[in-house]
Amino acid sequence: MPSPPASPCSDGDAAPSRTSRRHRARTAREQAPVFAAVAVGGGIGAVARYAAGVTWPTYAGAFPWTTLAINGVGCAVIGVFMVLITDVWTPHRLVRPFFGTGVLGGFTTFSTYAIKVQRSVDEGHALLGLTYMMTTPLVALAAVWSSAAVTRRLLMTRRSSP
């Protein structure tokens, strides 16, 4: 019977718990810059989202256009960003966690989307809540798809021009 594969951090004779501790410690050291990049990016994105909400507030009973726009814009930017980092350029290992997970993750707000749907229904605006609930995923998917398609098209045009 073949022996199980060694842990990526195995040093041969070490007990599993000792090896596991070393693996966790090494993983934490390696991931610390990534966690920091996500945290800084998330803070920037969250502040930008909050500023948009303060600048364009949604009043009770009104369609939450600001939150819809934030999620649509964030999804469009992620479409462009993903094409650029997969098709054009190999970024530093912290760019994707910083911008994609941090900034855009902090900027877009699907938890606020869910709360606004619930609040609309609770306040007696069920049709508004239902409309918003159905519109947001469509806008988000359309934004990602169209921005990625446009970015790829622009890149192809740029590459084929003399």
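Biologist: Is Glu 30 buried, partly exposed or exposed?

Modeller: Burial is read from relative accessible area: under 20% is buried, over 50% is exposed, and partly exposed lies in between, using a 1.4 Å probe and protein chains only. Glu 30 has a relative accessible area of 43%, so Glu 30 is partly exposed. Before we go on, please keep in mind that this is a predicted model, where local features need pLDDT of at least 70 and side-chain atom pairs count only at pLDDT 80 or more, while totals for chains, interfaces and linings use all residues. Residues are numbered from 1 along each chain as its sequence is written, and side-chain values use heavy atoms, leaving out hydrogens and water.

Biologist: Thanks! Which residue forms a salt bridge with Glu 30?

Modeller: A salt bridge is a side-chain nitrogen of Lys or Arg within 4 Å of a carboxyl oxygen of Asp or Glu. Here Arg 26 is the partner of Glu 30, with the closest N and O atoms 3.6 Å apart. Arg 26 is partly exposed because its relative accessibility is 34%.

Biologist: Where do Arg 26 and Glu 30 lie?

Modeller: Helices are DSSP runs of H or I, at least four residues long, numbered from the N terminus. Both residues sit in helix α1, 4 residues apart, which is about one turn of the helix. Helix α1 covers residues 16–55 and also holds Ala 36.

Biologist: How many salt bridges does a search of the whole structure find?

Modeller: The search finds 2. One of them joins the side chains of Arg 152 and Asp 87, at 2.9 Å from N to O. This pair links distant parts of the chain, with Arg 152 in helix α5 and Asp 87 in helix α2 (residues 65–88), 65 residues apart. Arg 152 is partly exposed at 38% relative accessibility, and Asp 87 is partly exposed at 33%.

Biologist: Now the rings: how many aromatic pairs does the structure hold?

Modeller: Rings of Phe, Tyr and Trp (its six-membered ring) pair if their centres lie within 6.5 Å; planes under 30 degrees apart are stacked, over 60 edge-to-face, and the rest tilted. The structure holds 5 such pairs. Tyr 113 and Tyr 132 have ring centres 5.3 Å apart and planes at 65 degrees, so this pair is edge-to-face. The pair links distant parts of the chain, from Tyr 113 in helix α4 (residues 110–122) to Tyr 132 in helix α5, 19 residues apart. Both Tyr 113 and Tyr 132 are buried.

Biologist: Which residues do ring pairs link into a cluster?

Modeller: The cluster contains Phe 63, Trp 65, Phe 110, Tyr 113 and Tyr 132.

Definitions and conventions. Helices (H or I, at least four residues) and strands (E, at least two) are DSSP runs, numbered from the N terminus.
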